[in-house]
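Me: I would like to go through a structure one feature at a time. Please give the general idea first where there is one, then the case at hand.

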Amino acid sequence: MSLLALRPLLARNRFSTLHLIRIAGAIPVPKQNRCYATAEKRETSLSAGSDRTDVSTDVRPLGERVKENTKTASYMGVIVLGVGVTSVLFYAIFKELFSSNSPNNIYTEALERVKDEPKVKDALGAPIKGFGEESRRGRRNHVAHTTYVRDGVQYIRMQFYVQGIRNKATVHLEKRLNDSGDYEYRYLFVQLDYYPHSTIILEDNRLQQDAMKNLPSLQSIV
């Protein structure tokens, strides 16, 4: 087919295409409406969400919740009581072991004096060891002692035992609390357990202390 024969056909197709484009341009295109959330609406939504979080999610009955709270309070009370009792025990142990006026330290200091006394070494035979009252289990760690107050002054009296390689003896001591808050000896002596049960005196300040105690009353009489 020649180009001259195709020209009318091409012209007709061009006219049809232009006609379709014009028709398409004449048809209105529908607009799409887009909705945007305003700041006020967003704040309202957020506040509503936060209000919902304040609502309790605990759906248990009231009686069960009260019971649970009571149990928790009881546990806390037991814990506080346990801490208090433990503190008191630690204080008592610390006072017993480290205080210079504790019975344990008084016993230790007196035992060292007895062991260093030459007369005691000759009578009992070195080395010398000390011990307390014998318990039901055969232990002799308990040292018998008593404290009392007389005329407003505190005293402590103690008894324990010493043993050497030859003989045994009983140690007696008494101390009084002076104005400085320290114990001082009234007497300290060792009584031998074998015949004739002699007594070795290491200290005896009873006459001097009693005289000093009675001095103010004598001055008032004069």
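Reply: Start with the surface of this predicted model. The protein chain exposes about 17600 Å², and carbon and sulfur atoms supply 58% of that area.

Me: What share of the 222 residues in the protein chain is buried?

Reply: Buried residues make up 19% of them. As for contacts with a separation of 6 or more, 41% are between residues 24 or more positions apart.

Me: How do I read the strand pairing? Which strands pair with β3, and in what sense?

Reply: The general idea concerns the side chains: in a regular strand they alternate between the two faces of the sheet. In this model, strand β3 (residues 153–163) pairs in the antiparallel sense with strand β1 (residues 129–131) over 3 bridges. Strand β2 (residues 144–150) is also antiparallel to β3, with 7 bridges. Strand β4 (residues 168–177) pairs with β3 over 9 bridges, again antiparallel.

Me: How many residues lie between the strands in the β2–β3 and β3–β4 hairpins?

Reply: The β2–β3 hairpin has 2 residues between its strands, and the β3–β4 hairpin has 4. Asparagine 167 is in the loop between β3 and β4. Its C-alpha atom is 7.1 Å from that of glycine 125, although the two residues are 42 apart along the chain. Leaving aside residues up to four places away in sequence, asparagine 167 touches Ala123, Leu124 and Tyr194.

Me: Why does asparagine 167 count as partly exposed?

Reply: Its relative accessible area is 22%, and the partly exposed class runs between the limits for buried, under 20%, and exposed, over 50%. Asparagine 167 is therefore partly exposed.

Me: What should I look for in the backbone angles?

Reply: Most residues other than glycine have a negative phi, and most peptide bonds are trans. Aspartate 151, in the loop between β2 and β3, has a positive phi near 55°. Histidine 197, in the loop between β5 and β6, also has a positive phi, of about 55°.

Me: Where do these two stand on exposure?

Reply: Aspartate 151 counts as exposed because its relative accessibility is 62%. Histidine 197 has a relative accessible area of 42%, so it is partly exposed.

Me: Which peptide bonds are cis?

Reply: The bond from alanine 126 to proline 127 is cis, with omega near 0°. That proline lies in the loop between α5 (118–124) and β1. The bond from tyrosine 195 to proline 196 is cis as well, with omega near 10°. Proline 196 is in the loop between β5 (183–192) and β6 (199–204).

How values were computed: Residues numbered from 1 in each chain as written. Predicted model: local features only at pLDDT ≥ 70, side-chain atom pairs only at ≥ 80, totals over all residues. Heavy atoms only, no water. Buried < 20%, exposed > 50% of the residue type's maximum accessible area, 1.4 Å probe, protein only. Contact = heavy atoms within 4.5 Å. Areas by Shrake-Rupley, 256 points an atom, 1.4 Å probe, with all protein chains shown as cover. Pairing = 2+ DSSP bridges.
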